[in-house]
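Take a look at the fold below.

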Amino acid sequence: MDTKTQSEDMANYDDDYDYYRDFWLGHGREYENLSEQLIIRKLLPGPGRYALDIGGGFGRLLPLYARKFEACVVLDYSMKNLKRARTLAISEGMTNLLLVAADAAHMPFSDNFFDFAISVRLSHHFEDPESIISETSRVLANGGCFIFEFANKRNFKSILMWIAGRQKDVPFSISPKLIGKNIRNFHPKHINSALHENGFGHIKRLSASNFRLGILKRALGPGFLAKADLVLSGILGLMYFGPSIFTRSSLRKNERPPQNRDECFLNNIFKCPACGRSLAFDVEYPPDKKINLLRADVLPSSFKCGDCGFAISEHDGIFDFR
Ligand SMILES: [Zn+2]
């Protein structure tokens, strides 16, 4: 896959486009937002140590999961998004959050590190979602839980449009459906096989945003529709009915988490995205082992990989691995 193209696509979020302002704020997506949040709450695992939000944007989903974990990492390609996530975290009084600007297909994290990963509204930016799924499989520990959302090309509306001759793409073909220049919808079989090939099993599927029609949204309101979604999400998930499918799966692998992972999070989490060398630090933890991760002064503001010289910098508490 051409990751440069994909990275450039994501970097557009830092130019004129503002994901929060131009997509979510006042754009009539309250229903989709609510539907996704209710479904994620239903899928979340129990409390754990380390969570990773891949393509976490401005932290829209943070309030749902951040308090269940000792430390959470939000990874996004856009600094603009991550700055908003930081402001949101501060306003919510969260301190267990590490913000990282990096490519989701080359994550700067150690193998077998996280207990939970979530990726929502990210895969449609990728030519092949397998690049995210295989990276997630690398950084998740054995038994780790993964919530992965994808845009579903064979949703009910697409099938009707195709039957009516108003859509060229065949919803039952496995190839991704390209929307505009760089948004892709995927066939559920494509996603299922990528999950299975990368060690994920026990896959549960819920269908979200099933009633994404302006007339319904106006007549019934986002709260009612989102609750109806939640009730029907399981049965509609089995039919791949909606435009957005949430999967929850668990990872089976033989490797073990790095030694000392649980004692010193910051000293073990990073790995050079270019050469794979571990980026070890010597952060001194206070006796209660709690560090305010939003305060970046525990790590140097710029550092280089000792092997390949890859440079990492820090701005406003956000670590930049791009
Ligand atoms: Zn390196």
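Two strands count as paired if DSSP finds at least two bridges between them. Helices (H or I, at least four residues) and strands (E, at least two) are DSSP runs, numbered from the N terminus. The model is predicted: local features need pLDDT of at least 70, side-chain atom pairs count only at pLDDT 80 or more, and totals for chains, interfaces and linings use all residues. Residues are numbered from 1 along each chain as its sequence is written.

Now follow strand β9, residues 244-251. Strand β8 (residues 200-208) pairs with β9 in the antiparallel sense over seven bridges. Here Ala208 stands opposite Ser244. β5 also pairs with β9 in the antiparallel sense, over seven bridges. In that pairing, Phe148 stands opposite Thr247 of β9. A residue is buried if 20 or more other C-beta atoms lie within 10 Å of its own, exposed if 12 or fewer, and partly exposed in between, with C-beta atoms placed from the backbone.

Move along to strand β3, residues 97-101. Five of its five residues are buried. In a regular strand the side chains alternate between the two faces of the sheet. In β3, Leu97, Leu99 and Ala101 point one way, while Leu98 and Val100 point the other way. Strand β2 (residues 69-76) runs parallel to β3, joined by five bridges. Val74 has Leu99 as its bridge partner in β3.

Val74 leads on to the core. A nonpolar core is a set of buried Ala, Val, Leu, Ile, Met, Phe, Trp, Tyr and Cys residues joined through C-beta atoms within 7 Å. The largest one has 80 residues. Those with the most contacts inside it are Val74, Leu75, Leu97, Leu99, Val100 and Phe114. Strand β5 (residues 140-151) gives the largest share of this core, eight residues. Two residues are in contact if their C-beta atoms, placed from the backbone, lie within 7 Å. Leaving aside neighbours within four places in sequence, Val74 is in contact with residues including Asp53, Leu62, Leu82, Leu97 and Leu99.

Next come the helices. Seven of the ten residues of helix α6 (residues 130-139) are buried, so α6 is largely enclosed by the rest of the structure. Among these buried residues are Glu130, Glu135 and Val139. The buried residues of α6 pack against β1, β4, β5, α8, β8 and β9.

Helix α3 (residues 30-43) packs with helix α10 (residues 222-238) at an angle of about 35°, with their axes 8 Å apart. The contact includes Tyr31, Leu34 and Leu38 of α3 and Leu225, Ala226 and Leu230 of α10. Its residues divide into eight nonpolar, three polar and three charged. In this count, Ala, Val, Leu, Ile, Met, Phe, Trp, Tyr, Cys and Pro are nonpolar, Asp, Glu, Lys and Arg charged, and the others, Gly among them, polar.

Ser209 lies in the loop between β8 and α9. Its phi is positive, about 55°, although Ser209 is not a glycine. Ser209 counts as buried, with 24 C-beta neighbours inside 10 Å. Tyr240 sits in the loop between α10 and β9. Its phi is near 50°, again a positive value in a residue other than glycine. Tyr240 is buried too, with 20 other C-beta atoms within 10 Å.

Cys308 lies in the loop between β10 and β11. Is Cys308 buried or exposed? Cys308 is exposed, with 12 other C-beta atoms within 10 Å. Leaving aside neighbours within four places in sequence, Cys308 is in contact with Cys272, Ala274 and Cys275.

Technical notes:
Axes fitted to C-alpha atoms, helices over the stretch in contact; angles between N-to-C directions.
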